[in-house]
Amino acid sequence: ALARASPGGRRAAPGSGKTHIAAKIIQELNRPALFLCESLDLVDQTREKFKGLLSVPIGEISGREQTLEPVTITMVPSLASAFNLSRENEKDSRVLDENKERVRLAVQNCEVLIYDEAHHAQAPIASRLLQAEFKRTGFRLGLTATPDWIEDSEKNMILEANLGFRAHRISLQKLVGYGRAVPAVVSLVRLPAKKYIDKREFDAKVSAIARSEKISKKEAGELARKQLVNVAIAKNYNDIYEDYIVKNPYRHAVIKKFVENLVSKGLTVAVVVKRILHGEILHDLIPTSTWVHGKSSKEDREDAFNNLRTGRIKVLITTLMKEAIDVPSLSGLVIAAGGKSEIEAIQRLRNLRSSSNKNCGYILDFNDEAPALWRHSLQRTKLLEEQEVFEFEKFNIWEIVTREEVESISNRMAEIL
């Protein structure tokens, strides 16, 4: 049986029904349980599912509510607040002073703990809570869709100390075989390469030109820029990311074409970004899209994902898919954000969930040709290849879009930036 009185972790691919697994274990153990989530959106999602799966009252410990029931859903920041470990500005998670002692007792007397997205259990505050406060917890279960927990062996050891050894694994390949997930076609598009020069190196070059040509630094700077063909100036990785990912008209032209193609077939698409400016640019370029992010109101976030689930909107651009947001109807996924995190990448495969009238998913990613970013794209591709349920199609950018389309995107970006 899955439910047993010893610590353990279960790695289950996205869409494997981790919440259903947790509910079944809670039923079998029939003891008060704490269920740990990573965000308020996931608290709401889990609570709604538990209401349909369990016949006991569901409590919540967060910044908006502190009710203890036979099954209580909470977040690490809320428990940290009860133990005075959290920052003052965490309004969504802050526990009222008059309720802190009651919450502390609930933690210290907890018999059953289930940690969703358990790869986060190696973080310092989570570790402090799990090691110092859950001393009487006889049953600990970690659930995650992260490949091999995480890539850092030291952090793996911390995870095992906090939750126990990995006990079960449900692969994406198995889920496809069970009919719980669908395979996907991955389109990998190679973008034009771009080189970058460090700003300090560029400034030194300008100074050298100014001295040798006996001209002003302003004139030397203009001359130096003319000598740089397809080379941009960057102080650090963030500058490269903003130039090559956030403000790249080539990338945006491909994304726009991919999204419009899927929408023309009646499919729903999520475009994943990390930065607000990136989302704002793509929202302007794809007028039919809906755009939500971490600073959007709770109502706007809920409406966006509910409308995506029901098909009322076809395109969602968001920063909110780092963890597993449950949208079984989703058919297309654009990894617009790039980046190296395989934890985030595997979570974004939620679009592989099976649903009525869906027998295939579609993923767009890029072979980025820029410092650091090229390694990140290789890591993402390797992760996708390891799933063994994807068909890969590789394209040069000019097989997807025309130069006129890129120029049009570039002109529009010049107007809005």
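Throughout these legends, a residue is called buried when its relative accessible area is under 20%, exposed when it is over 50%, and partly exposed in between (1.4 Å probe, protein chains only). The views show a predicted model, in which local features need pLDDT of at least 70 and side-chain atom pairs count only at pLDDT 80 or more, while totals for chains, interfaces and linings use all residues. Residues are numbered from 1 along each chain as its sequence is written, and side-chain values use heavy atoms, with hydrogens and water left out.

**View 1. The chain as a whole has 16 helices and 17 strands.** Helices (H or I, at least four residues) and strands (E, at least two) are DSSP runs, numbered from the N terminus. Of the 417 residues in the chain, 52% are buried. Contact means heavy atoms within 4.5 Å, and among the contacts in the chain with a separation of 6 or more, 75% are made by residues 24 or more positions apart.

**View 2. Helix α8 spans residues 199–213.** Its 15 residues reach 21 Å from the first C-alpha to the last, close to the 21 Å expected at 1.5 Å a residue, where the expected span of a helix is 1.5 Å times one less than its number of residues. The buried residues of α8 are Phe202, Val206, Ser207, Ile209 and Ala210. Seen down the axis of α8, these buried residues fall within an arc of 160 degrees, so they line one face of the helix; the arc is that of the directions from the helix axis to the C-beta atoms. An α-helix has 3.6 residues a turn, so residues three or four places apart point the same way. Arg200, Glu201, Arg211 and Ser212, on the other side of α8, are exposed. The buried residues pack against β10 (195–198), α9 (217–227) and β11 (231–234).

**View 3. The two ends of α8 involve Asp198 at the start and Lys214 after the helix.** A polar contact is a pair of N or O atoms within 3.5 Å; within protein, one must be able to donate a hydrogen and the other to accept it, and residues adjacent in sequence count only if both atoms are side-chain atoms. At the start of α8, a side-chain oxygen of Asp198 comes to within 2.8 Å of the backbone nitrogen of Arg200. Lys214, which follows the helix, has a positive phi, near 55 degrees.

**View 4. The largest nonpolar core has 39 residues.** A nonpolar core is a set of buried Ala, Val, Leu, Ile, Met, Phe, Trp, Tyr and Cys residues joined through side-chain atoms within 4.5 Å. Ile255, Val259, Val271, Val334 and Leu364 have the most contacts inside the largest core. Two or more residues each are given to this core by β11, α10 (237–246), α11 (249–264), β12 (269–272), α12 (276–285), β14 (315–318), β16 (361–367) and α16 (403–416), and the largest share, six residues, comes from α11. Ile255 touches Val271, Leu282, Ile286, Val334, Ala336, Leu364 and Phe366, residues up to four places away in sequence not being counted. A second, separate core of 23 residues includes Ala22, Ala23, Phe50 and Leu143.

**View 5. Helix α4 covers residues 97–108.** The twelve residues of α4 reach 17 Å from the first C-alpha to the last, close to the 16 Å expected at 1.5 Å a residue. Asn99, Lys100, Val103 and Val107 are the buried residues of α4. They cover an arc of only 120 degrees around the axis, which puts them on the same side of α4. These buried residues pack against β2 (33–37), β3 (58–61), β4 (66–67) and α3 (76–82).

**View 6. Asn162 is placed in helix α6 (residues 153–163).** Asn162 is buried, with a relative accessible area of 1%, and a polar contact of 2.7 Å joins its side chain to that of Gln131. With residues up to four places away in sequence not counted, Asn162 touches Ala121, Gln122, Ser127, Leu130, Gln131 and Arg140.

**View 7. Ser296 lies in the loop between β13 (290–292) and α13 (298–310).** Ser296 is buried at a relative accessible area of 11%, and a polar atom of its side chain lies 2.9 Å from the backbone nitrogen of His293.

**View 8. Phe392 belongs to strand β17 (residues 390–396).** At 27% relative accessibility, Phe392 counts as partly exposed. The C-alpha atoms of Phe392 and Ser187 are separated by 6.2 Å, although these residues are 205 residues apart along the chain. Phe392 touches Val186, Leu188, Thr381, Leu384 and Glu385, again not counting residues up to four places away in sequence.
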